[in-house]
Amino acid sequence: MTYLRVLAIPEFRMIFAAQVIATLGNVVAQLTLSVVVYQRTGSPLLSALTFALGFAPYLLGATLLSAVADRWPPRDVLVGCQAISCGVVAAMAVPGMPIAPLFLLLLVLGTVAPVFQGARAATLPDVVTGDGYALARSLLRLVSQSTQLIGFAVGGVLLLVLSPSVSLLSAAAGCAVAAVLLRFGTERRPARTTDAGDSIAKASLAGVRQVMALPGLRPLLLLTWLPPAFAVAPEALAVSYADKLGSGPAFVGLLLSAAPAGAVLGELLAGAFLAPATRVRLVAPIATLMFLPLLAFAVRPGAALATLLLFLCGFGFTYAMGLDQRVIDATPENLRGRTLTIALAGLMITQGLGFAAAGAAAEFVAPHVVVVAAGVLGLTTVLLCVIRSDAHRLAFTETARSL
């Protein structure tokens with residue numbers, strides 16, 4: 001299976017197109033709201049909250065709503081989430097809406113997001129069977145990263161020629177188009193579970209307990225969440241590190257873009273040249289690439305070397321391709337939606353905590369020391385999680401052979 005063969009699947013193309021359009025709409029909405037809030041309040045903090053509040057409710061959505069991804073047909077969940085997003089963003093476009101209701105609407109968007117992402121990830125193995133699943137997930141990650149950059153540019157242009165209300169309505173229209181593509185471009189498959197006795201919140205909490213009780217899945221989820229939490233330290237400290245070196249904003253931009261550029265190139269190369277089994281086998285060695293370059297920050301590298309080190313660090317994020325396959329292989333069918341919702345939400349939450357932890361540590365020690373510490377902790381985490389997951393996989397294999 002190759003990227004081109006995955007894109008040749010009509011149903012995946014619709015999911016892919018919906019992802020592009022919906023991501024553009026979300027980014028335009030976030031950018032527009034941040035401008036509106038700053039214009040009304042003059043507060044940088046409140047303006048920044050328009051970005052933070054989009055991610056804050058991920059824990060709520062993952063713990064209390066994850067059962068939605070398994071209890072209803074996946075297409076219905078995907079279309080419903082986009083319809084809700086369309087309505088919420090359209091409501092934000094009401095002229096003169098107070099700041100507090102705008103923030104509440106942002107919380108709604110952030111709560112719906114993990115449900116949508118989990119349902120989409122859970123339905124991918126049905127759309128792209130076998131080894132193509134990891135490539136499909138890779139393509140969606142790649143398009144999400146690149147579309148976010150494009151979305152900020154598009155949003156800036158829209159704000160030059162349109163009022164904020166019209167810009168928000170264009171973002172709502174994007175969500176509506178995504179809903180239409182998913183409704184008429186994807187197959188309606190049955191729900192993965194028929195258990196409708198408990199409430200959504202109760203079933204979701206029970207699903208979290210079930211997922212975390214699976215010994216072979218726990219270390220894989222930790223391997224999904226923890227390494228990226230340590231790997232964001234250079235990004236979190238880019239401004240302060242540049243200041244310590246006496247460099248300007250251009251260097252900050254280089255630092256912030258180096259790792260994402262490496263991640264995009266790494267995924268493209270791994271998808272094109274590594275066999276599926278090889279990607280699974282190399283999860284641990286590839287993951288260490290996130291952290292080995294960070295150890296070189298002990299010498300407080302200059303602009304050029306620091307940028308190169310973070311570019312190499314980005315290659316390590318490619319470990320997610322092999323890890324995706326291991327997670328789906330270890331997940332029972334009836335828990336797939338909840339597992340992937342929890343996995344994706346946990347990734348967002350731990351990265352947010354990683355940003356906060358790095359910033360807090362840099363209040364007491366130099367930024368480059370924090371980066372080195374993050375590298376050491378990241379390598380240790382990868383080692384422990386891989387040892388644990390490999391032990392469970394070996395035990396499972398030996399049990400299967402004895403039957």
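From which helix does the largest share of the lining of the largest cavity come? It is α6, with three residues. Helices here are DSSP runs of H or I with at least four residues, strands are runs of E with at least two, and both are numbered from the N terminus.

Before going further, some ground rules. This is a predicted model, where local features need pLDDT of at least 70 and side-chain atom pairs count only at pLDDT 80 or more, while totals for chains, interfaces and linings use all residues. Residues are numbered from 1 along each chain as its sequence is written, and side-chain values use heavy atoms, with hydrogens and water left out.

**Stop one: the largest cavity**

Rolling a probe the size of a water molecule over the atoms shows where empty space is left. On a 1 Å grid over the protein atoms alone, a cavity is a set of points where a 1.4 Å probe fits but cannot get out, and lining residues have an atom within 4 Å of a point. Points are joined across faces, edges and corners, and the volume is the space filled by probe spheres set on them. Counted like this, there are two cavities of 30 Å³ or more.

Select E11, I15, P74, R75, L78, T123, V127, T186, E187 and R189, and you have the lining of the largest cavity. Its volume is about 40 Å³. Color α2 (10-41), α6 (74-92) and α7 (99-127) too, as these are the elements that give two or more residues to that lining.

Is R189 buried or exposed? It counts as buried, at 13% relative accessibility; the cut-offs are under 20% relative accessible area for buried, over 50% for exposed, and partly exposed in between, with a 1.4 Å probe and protein chains only. Now show side chains: R189 and E11 are joined by a polar contact of 2.8 Å. That term means a pair of N or O atoms within 3.5 Å; within protein, one must be able to donate a hydrogen and the other to accept it, and residues adjacent in sequence count only if both atoms are side-chain atoms.

**Stop two: the second largest cavity**

Next, select P234, L237, A238, Y241, L255, F297, L310 and V371, which line the second largest cavity. The space inside is about 40 Å³. This lining has eight nonpolar residues, no polar and no charged ones.

**Stop three: rings**

How many aromatic pairs does the structure hold? Three. Rings of Phe, Tyr and Trp (its six-membered ring) pair if their centres lie within 6.5 Å, and planes under 30 degrees apart count as stacked, over 60 as edge-to-face and the rest as tilted. One of the pairs is F311 with F315, edge-to-face at 5.4 Å centre to centre and 80° between the planes. Both are in helix α18 (residues 303-315), and because they are four residues apart there, about one helical turn separates them. F311 is partly exposed, at 27% relative accessible area.

Then jump to R183, whose charged end sits over the ring of F184, 4.8 Å from its centre. The rule for that: NZ of Lys or CZ of Arg within 6 Å of the ring centre and within 35 degrees of the ring normal.

**Stop four: a buried glutamate**

Select E267 in helix α14 (residues 249-273). At 5% relative accessibility, E267 is buried, and its side chain makes a polar contact of 2.9 Å with that of R141.

Pick A121 in helix α7, a buried residue at 3% relative accessible area. A121 and L340 are 219 residues apart in sequence, yet 6.5 Å apart in space, C-alpha to C-alpha. Finish at W225 in helix α11 (residues 218-231), buried at 12%. Its C-alpha atom is separated by 7.7 Å from that of Q351, 126 residues apart along the chain.

Technical notes: On a 1 Å grid over the protein atoms alone, a cavity is a set of points where a 1.4 Å probe fits but cannot get out, and a pocket is an open set with protein on both sides within 12 Å along at least five of seven lines; lining residues have an atom within 4 Å of a point. Ala, Val, Leu, Ile, Met, Phe, Trp, Tyr, Cys and Pro count as nonpolar, Asp, Glu, Lys and Arg as charged, and the others, Gly among them, as polar.
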